[in-house]
Amino acid sequence: MAKLILTHEVSGLGIAGDVVDVKDGYARNYLVPRKLATPWSAGAEKQIDAMRKSQRAKEIASVEEAQAARNTLQSAPVKVEAKAGKSGRLFGAVTPADIADAIGDRAKVDKRRIHIGQPIKALGEYTVNVSLHGEVSATVAVQVVAAK
């Protein structure tokens with residue numbers, strides 16, 4: 001078993017700053033090469049504290065703020081512009097980063113907290129789930145329109 005410090009949130013495993021024990025192959029072949037985790041060492045307490053501090057700054061602090069953000073996100077659809085062909089098929093796909101950019105100033109949303117069910121590869125309307133807080137999530141309507 002390998003002992004690692006998570007540098008990013010990994011679903012099913014933990015959030016940034018958590019110390020986890022995983023199998024060697026999972027650590028060597030997936031987590032460390034993708035920079036999702038670093039090897040644990042005795043002097044890593046400062047690194048863990050810095051990661052938790054930055055994570056707290058990015059997160060929405062309270063449930064009330066998360067509910068207010070949910071209400072603003074669900075009030076109107078988010079428009080995402082993407083290059084598309086004449087048939088309405090996109091050149092590529094709409095990513096969580098594109099949706100986070102389109103949300104912009106309406107709410108503070110991290111792209112890793114946006115969950116798209118199926119890849120968005122055509123023009124139209126879609127629904128996307130956004131985790132705003134541990135207890136609060138929002139269902140956001142996304143309109144994909146052709147870029148001019």
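Student: Where do Y26 and Y30 lie in this model?

Tutor: Both tyrosines are in helix α1 (residues 24-31), four residues apart, or about one turn of the helix. Helices here are DSSP runs of H or I with at least four residues, strands are E runs of at least two, and both are numbered from the N terminus. Before we go on: this is a predicted model, where local features need pLDDT of at least 70 and side-chain atom pairs count only at pLDDT 80 or more, while totals for chains, interfaces and linings use all residues. Residues are numbered from 1 along each chain as its sequence is written, and side-chain values use heavy atoms, leaving out hydrogens and water.

Student: How many aromatic pairs does the structure hold?

Tutor: A ring pair is described by the distance of the centres and the angle of the planes. There is one aromatic pair here. Y26 and Y30 make it, stacked at 5.6 Å centre to centre with 5° between the planes. (Phe, Tyr or Trp rings, using the six-membered ring of Trp, pair with centres within 6.5 Å; under 30 degrees is stacked, over 60 edge-to-face, the rest tilted.)

Student: What sits over the ring of W40?

Tutor: The charged end of K3, 4.5 Å from the ring centre. (The cut-offs are Lys NZ or Arg CZ within 6 Å of the centre and within 35 degrees of the normal.)

Student: Which strands form the open sheet?

Tutor: Strands pair through backbone hydrogen bonds, parallel or antiparallel. Here four strands run in the order β4-β9-β8-β6, with mixed pairing. (A pair needs at least two DSSP bridges.) The edges are β4 (78-82) and β6 (114-115), each pairing on one side only. Strands β8 (residues 124-131) and β9 (residues 137-146) are antiparallel over eight bridges, and T127 stands opposite A141 in β9.

Student: Which residues touch the most other members of the largest nonpolar core?

Tutor: V94, I99, V109 and L132, out of 23 core residues. (A core joins buried Ala, Val, Leu, Ile, Met, Phe, Trp, Tyr and Cys through side-chain atoms within 4.5 Å.) Strand β9 gives the most to this core, four residues. Apart from that core lies another, of 10 residues, including A2, V22, L36 and A37.

Conventions: Buried < 20%, exposed > 50% of the residue type's maximum accessible area, 1.4 Å probe, protein only.
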